[in-house]
Amino acid sequence: MNTDAIRVRPTQDGTYTVYRGSLVLVSGLTRAQAELYEATIIQQARKAAAEAAGRTFH
C-alpha cells in the first residue's frame, strides 16, 4: 500500500477529512467537497507526472 495515498475519512461530527498518508490536508468538509478535493489532488499529480515524462496532459 502506498503510504502517501490520498484518502477521505468521515469524522464523528459528520464532516470529512482528507489525508495524504497520515498527514491531514484539510478537515471539516462536506463529503462532496472532500471528494472534489481528493480528485483535484489526484488530477494534479497525474498532470505533473505526465509533464515530467514529457507528455502533454489536457
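Reply: The following account takes the sheet as its subject and then turns to the helix beside it.

The model is predicted, so local features need pLDDT of at least 70 and side-chain atom pairs count only at pLDDT 80 or more, while totals for chains, interfaces and linings use all residues. Numbering starts from 1 along each chain as its sequence is written, and side-chain values rest on heavy atoms, without hydrogens or water.

The sheet is open and consists of three strands, arranged in the order E1-E2-E3 with antiparallel pairing. (Helices, H or I of at least four residues, and strands, E of at least two, are DSSP runs numbered from the N terminus; strands pair if DSSP finds at least two bridges between them.) Strand E1, residues 6–10, and strand E3, residues 23–29, are the edges; each has a single partner strand, and therefore one side of each has no neighbour in the sheet. From one strand to the next, the twist averages 20 degrees (axes are lines fitted to C-alpha atoms, for helices over the stretch in contact, with angles from 0 to 180 degrees between N-to-C directions).

Five bridges link E1 in the antiparallel sense to strand E2, which covers residues 16–20. Within this arrangement, Val8 has Val18 of E2 opposite it. Helix H1, residues 31–52, packs on the sheet and touches E1, E2 and E3, its direction making about 145 degrees with that of E3.

The loop between E1 and E2 contains Thr15. Apart from neighbours within four places in sequence, Thr15 is in contact (heavy atoms within 4.5 Å) with Arg9, Pro10, Gly28 and Leu29.

Arg20 belongs to strand E2. Its relative accessibility is 35%, so Arg20 counts as partly exposed (buried is under 20%, exposed over 50%, partly exposed in between, with a 1.4 Å probe and protein chains only). Between Arg20 and Ile41 there are 9.8 Å from C-alpha to C-alpha, although the two are 21 residues apart in sequence.

One salt bridge is found in the whole structure (a side-chain nitrogen of Lys or Arg within 4 Å of a carboxyl oxygen of Asp or Glu). Arg31 and Glu35 form a salt bridge, with 2.9 Å between the closest N and O atoms. Because these residues, Arg31 and Glu35, lie four residues apart in helix H1, about one helical turn separates them. Glu35 has 38% relative accessibility and so counts as partly exposed.
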